[in-house]
Amino acid sequence: GAITHLDSAGLQIQTATNQLLVSKLKFEGGKGTVLNGAALINGHAKLLAPGIIVMNKSASNRNTSAHLRANAALAVDQVLQHNRTIDWVENSHPDWLQEPLTREMVFGTLRHLSGLKANCDQHLDHPLRAKDSCIYALLLVGAYQLSFLNKPSHAIVHETVAACKSLHRPWATRLTNAILRK
């Protein structure tokens, strides 16, 4: 739907069949990410000024494409390096597999694991350290996306490189970029 009215009292969204009123929005100073109306309904956003909606910082970090890829890498890493099952990951970290894209990346990476490993291993000069196994898992997730998802390769590479920072491994951005571009 389209936003038809926005003020401190609430937000009106006109859909094809009816009108929705979302209330309890507040004026607040500061900066944030401009977003669509879905986050308003879930309480992840605030009204910055009339007509300007911003997402709370904590909420915006949870749902970025890079963060979804980082979650997929963490799940794959648990299966490969720590001999966990997908059921264990779903029960222990349900937020990792909450989004459909993340589930697709995890299950697809595990389904095509041997071919993805062969592809990544041929471009690595030496294996990564055990403490950086999440980066190897991220490379596998990126390779899966490039091979099997119908998305632009430049976008996949960019978001996978950005996921290195979500995994607190900024040093791996160059490595990830180089491997995925090959």
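## Model and confidence

The protein has a mean pLDDT of 79, and 65% of its residues reach 70 or more; pLDDT is the predictor's confidence in each residue, from 0 to 100. This is a predicted model, in which local features need pLDDT of at least 70, side-chain atom pairs count only at pLDDT 80 or more, and totals for chains, interfaces and linings use all residues. Residues are numbered from 1 along each chain as its sequence is written, and side-chain values use heavy atoms, with hydrogens and water left out.

Confidence is highest in α7, at a mean of 97, and lowest in strand β4 (residues 33–34), at 38. Over residues 24–44 the pLDDT stays under 50. The model still has 47 contacts beyond four places in sequence for that stretch, a contact being heavy atoms within 4.5 Å. Residues 46–61 also have pLDDT below 50, with 50 contacts beyond near neighbours in sequence.

## Overall fold

The protein has nine helices and six strands. These are DSSP runs, numbered from the N terminus: helices are H or I of at least four residues, strands E of at least two. Of the 182 residues, 39% are buried. Buried means under 20% relative accessible area, exposed over 50%, and partly exposed in between (1.4 Å probe, protein chains only). Among contacts between residues at least 6 apart in sequence, 45% join residues at least 24 apart.

## Nonpolar core

The largest nonpolar core has 33 residues. Such a core is a set of buried Ala, Val, Leu, Ile, Met, Phe, Trp, Tyr and Cys residues joined through side-chain atoms within 4.5 Å. Val 106 and Leu 167 touch the most other members. At least two residues each come from α3, α4 (86–92), α5 (100–111), α6 (113–121), α7 (133–148), α8 (153–166) and α9 (172–181). Helix α7 gives the most, with ten residues.

Leu 167 touches Ala 70, Ala 73, Leu 74, Cys 134, Ile 135 and Leu 138, leaving out residues up to four places away in sequence.

## Salt bridges

The whole structure holds three salt bridges. The criterion is a side-chain nitrogen of Lys or Arg within 4 Å of a carboxyl oxygen of Asp or Glu. One of them joins Arg 103 to Glu 90, with the closest N and O atoms 2.9 Å apart. Arg 103 lies in helix α5 and Glu 90 in helix α4, so the pair ties together parts 13 residues apart in sequence. Both ends are partly exposed: Arg 103 at 31% relative accessibility, Glu 90 at 23%.

Asp 132 is buried, at 3% relative accessibility. Its side chain meets that of Arg 129 in a salt bridge (2.7 Å, N to O). Asp 132 also bridges to Arg 169, with closest N and O atoms 2.9 Å apart. This second pair links distant parts of the chain, 37 residues apart: Asp 132 sits in the loop between α6 and α7, Arg 169 in the loop between α8 and α9. Arg 169 is buried too, with a relative accessible area of 19%. Shared partners join Arg 129, Asp 132 and Arg 169 into one network.

## A buried charge without a partner

Asp 77 is found in helix α3 (residues 65–81). Asp 77 is buried yet has no salt bridge. The nearest side chain of opposite charge is Arg 169, 7.2 Å away; Lys and Arg count as positive, Asp and Glu as negative, and His and the chain ends are not counted. Beyond four places in sequence, Asp 77 contacts His 82, Ser 133, Cys 134 and Ala 137.

## Aromatic pair

The structure holds one aromatic pair. Tyr 144 and Phe 148 are stacked, 5.3 Å centre to centre with 25° between the planes. Rings of Phe, Tyr and Trp (its six-membered ring) pair if their centres lie within 6.5 Å; planes under 30 degrees apart count as stacked, over 60 as edge-to-face and the rest as tilted. Both residues lie in helix α7, four residues apart, about one turn of the helix. Tyr 144 is buried, at 2% relative accessible area, whereas Phe 148 is partly exposed, at 43%.

## Loops and a buried threonine

Two non-glycine residues have positive phi: Asn 83, at about 50°, and His 168, at about 60°. Asn 83 lies in the loop between α3 and α4 and is exposed, at 69% relative accessibility. His 168 is in the loop between α8 and α9 and is exposed, at 68%.

Thr 102, in helix α5, is buried at 1% relative accessibility. Leaving aside neighbours within four places in sequence, Thr 102 contacts Leu 68, Asn 71, Ala 72, Trp 96 and Leu 97.
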